[in-house]
Amino acid sequence: MKRIMSTIIMLVILLGLTACNSNIQQNDEKESLNNNSAASTSTSENETDKKGDNDISNILVVYFSATGNTRPLAEYAADILGADIYEIVPEQPYTEDDLAYYTGGRADQEQNDSSARPAISGSVENIDQYDTVLLGYPIWHGEAPRIISTFLESYDFSGKTILPFCTSHSSGIGSSADNLHSLAPKANWMDGERFAAGTSKEEIEKWLNENDMKPNEIAVSSKVGKFDFKKRTVMLNSGYEMPIMGLGTYSLSDDECYNSVTALLNSGGRLIDTAYMYGNEAAVGRAIRDSDVPREEIFVITKIYPGDQFANPEKAIQDALDKLDIDYIDMMLLHHPGENDVKAYKAMEKAVSDGKIHSIGLSNWYVEELEEFLPQVNITPALVQNEIHPYYQENDVIPYIQNLGIVVQGWYPFGGRGHTSELLGDSVISEIANAHGVTSAQVILRWNLQKSVVVIPGSSNPEHIKENLDIFGFDLTDDEMNRINALNRDEKHDWY
Ligand SMILES: Cc1cc2nc3c(=O)[nH]c(=O)nc-3n(C[C@H](O)[C@H](O)[C@H](O)COP(=O)(O)O)c2cc1C
């Protein structure tokens, strides 16, 4: 039905024109029992150690080990789970004197002072990508060393699962783990386990199994669609990373488009959305070629249109490649459903295997259309781009698409022509904007990102383009998200 309507209206629009051993092991290096080079699996920069290129883990093993007992157990766990591993390295390494307990030395003092927060050298890269964190530490005076507190207070563990483990001379894990809960109150804390120094890999494996910690087999697929707020990208099911905010170029003339893309690239934006129907692919390509930004940092989406283009998709794809003239297309979408859409999609699949296009997807496809379309094609779309704004939230459609491992992108984030002032002036959005000292536009864009929806606001104003990228300095609270969610009116502002 929707298809028929779309086709009729299309014809009309075409006319006008989108993470114990009390005998402290005598370390030869008296000065520094714990330093950056100590961890065999942490990088020299003490950043999270990563697996191979395509091996993206959703489990992080984090550990602190002053005398080397906890370290191998952490390494066993990471190895068994295929997880990333991060060693907490103190900015000021603990010397043997520091660790001599009941001497009133540094470690004793820190443990006697609940507010002590020894500084950590380095940080976890991309904490957002992990949903499970194994946290290993030695028992110091019955508790976790204070540096564990520093660690927990350095990141947001909301919704993440934390499984603590410790090594000790004889103490159990006792309340050491429970006492950490208040430092990451929104995490799901599991019951921890104490191990003796020298515990075998088999015992660690048994413990992991008992806690239902499985090897990281589905890590890549569970990572797909998760926003990395540090890198400001999302991993597509095609294996490519796409920036999560960019520029829409609908209705921009050649000059406007060239200047807007240039402004975007100069402001650090790297995602550009165009289409055959916008008539400005050549201007997008020219601005990219004229910029100093390396091609591989830029992500260009274009679309082919129903009608002649769907009927002759190979030609349509070649035309887009020629007009853009940027070696390859990062993402090509079908503009909206129409006759020959499966044929056009299959041509895009062929172009993917030929290396002309990296990822493919759909625009203006909803649940019904997807149910009919997906069984007919081989490559699952990497992206679906639909109209999404606070007055038209697609609350049934977005989770449906995301559950398929497909990233959702929204067009018309500010409501579209004729509706922008109403939406940007909306009292709820304005109030939230004032509370954060940002603009309504920034609140709407951030709301999208927190719902894992990629944003491509259109603008020809360099100041607005810059402002639209500046949405990582604040967080909307759950309450604020809910207030915006409550603005939904299921009010569509365009016909697609
Ligand atoms: C300052 C300090 C305090 C300690 N307190 C305890 C304790 O209360 N109970 C215990 O069984 N072991 C205690 N230990 C021993 C360590 O927990 C044990 O050697 C642990 O395995 C060391 O781990 P690591 O080599 O990874 O640092 C303490 C060690 C230090 C340095």
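Helices (H or I, at least four residues) and strands (E, at least two) are taken here as DSSP runs, numbered from the N terminus. On that basis the chain has 19 helices and 19 strands. The structure is a predicted model, in which local features need pLDDT of at least 70 and side-chain atom pairs count only at pLDDT 80 or more, while totals for chains, interfaces and linings use all residues. Residues are numbered from 1 along each chain as its sequence is written. Of the 496 residues of the chain, 46% count as buried, where a residue is buried if 20 or more other C-beta atoms, placed from the backbone, lie within 10 Å of its own, exposed if 12 or fewer, and partly exposed in between.

**The parallel sheet**

- Eight strands, in the order E12-E13-E14-E15-E16-E17-E18-E19, make up an open sheet whose pairing is parallel, two strands being paired if DSSP finds at least two bridges between them.
- At the edges of this sheet are strand E12 (247-248) and strand E19 (453-455), each of which pairs on one side only.
- Strand E13 (residues 271-273) runs parallel to E14 and is joined to it by three bridges, with Asp273 standing opposite Ile301 in E14.
- Strand E14 (residues 299-304) has six of its six residues buried, so it is largely enclosed by the rest of the structure.
- Strand E15 (residues 329-334) and strand E16 (residues 357-363) run parallel and are joined by five bridges; Ile329 has Ile357 in E16 as its bridge partner.

**The antiparallel sheet**

- Three strands form another open sheet, in the order E9-E10-E11, and here the pairing is antiparallel.
- The edge strands are strand E9 (227-228) and strand E11 (241-243), each pairing on one side only.
- Two bridges connect E9 with strand E10 (residues 233-235), the two strands running antiparallel, and Phe227 has Val234 in E10 as its bridge partner.

**Surroundings of the ligand**

- There are 24 residues around the ligand, and of these Ser65, Thr67, Asn69, Thr70 and Pro138 come nearest; a residue is near a molecule if its C-beta atom, placed from the backbone, lies within 6 Å of it.
- This shell divides into 10 nonpolar, 14 polar and no charged residues, with Ala, Val, Leu, Ile, Met, Phe, Trp, Tyr, Cys and Pro counted as nonpolar, Asp, Glu, Lys and Arg as charged, and the others, Gly among them, as polar.

**Packing of H16 and H17**

- The axes of helix H16 (residues 427-436) and helix H17 (residues 440-450) come within 8 Å and cross at roughly 95°, the axes being lines fitted to C-alpha atoms over the stretch in contact, with angles from 0 to 180 degrees between N-to-C directions.
- That angle makes H16 roughly perpendicular to H17, a class that covers 65 to 115 degrees, whereas angles under 35 count as roughly parallel, over 145 as roughly antiparallel and the rest as oblique.
- Ile429, Ser430, Ile432 and Ala433 of H16 make the contact with Ser440, Gln442, Val443 and Ile444 of H17, contact requiring C-beta atoms, placed from the backbone, within 7 Å.
- The residues of this contact divide into five nonpolar, three polar and no charged.

**Positive phi in loops**

- Most residues other than glycine have a negative phi.
- Tyr102, in the loop between helix H3 (96-99) and helix H4 (106-112), has a positive phi near 60° and is exposed, with 7 other C-beta atoms within 10 Å.
- Asn340, in the loop between E15 and helix H12 (341-353), has a positive phi near 70° and is partly exposed, with 18 other C-beta atoms within 10 Å.

Note on methods. Two residues are in contact if their C-beta atoms, placed from the backbone, lie within 7 Å.
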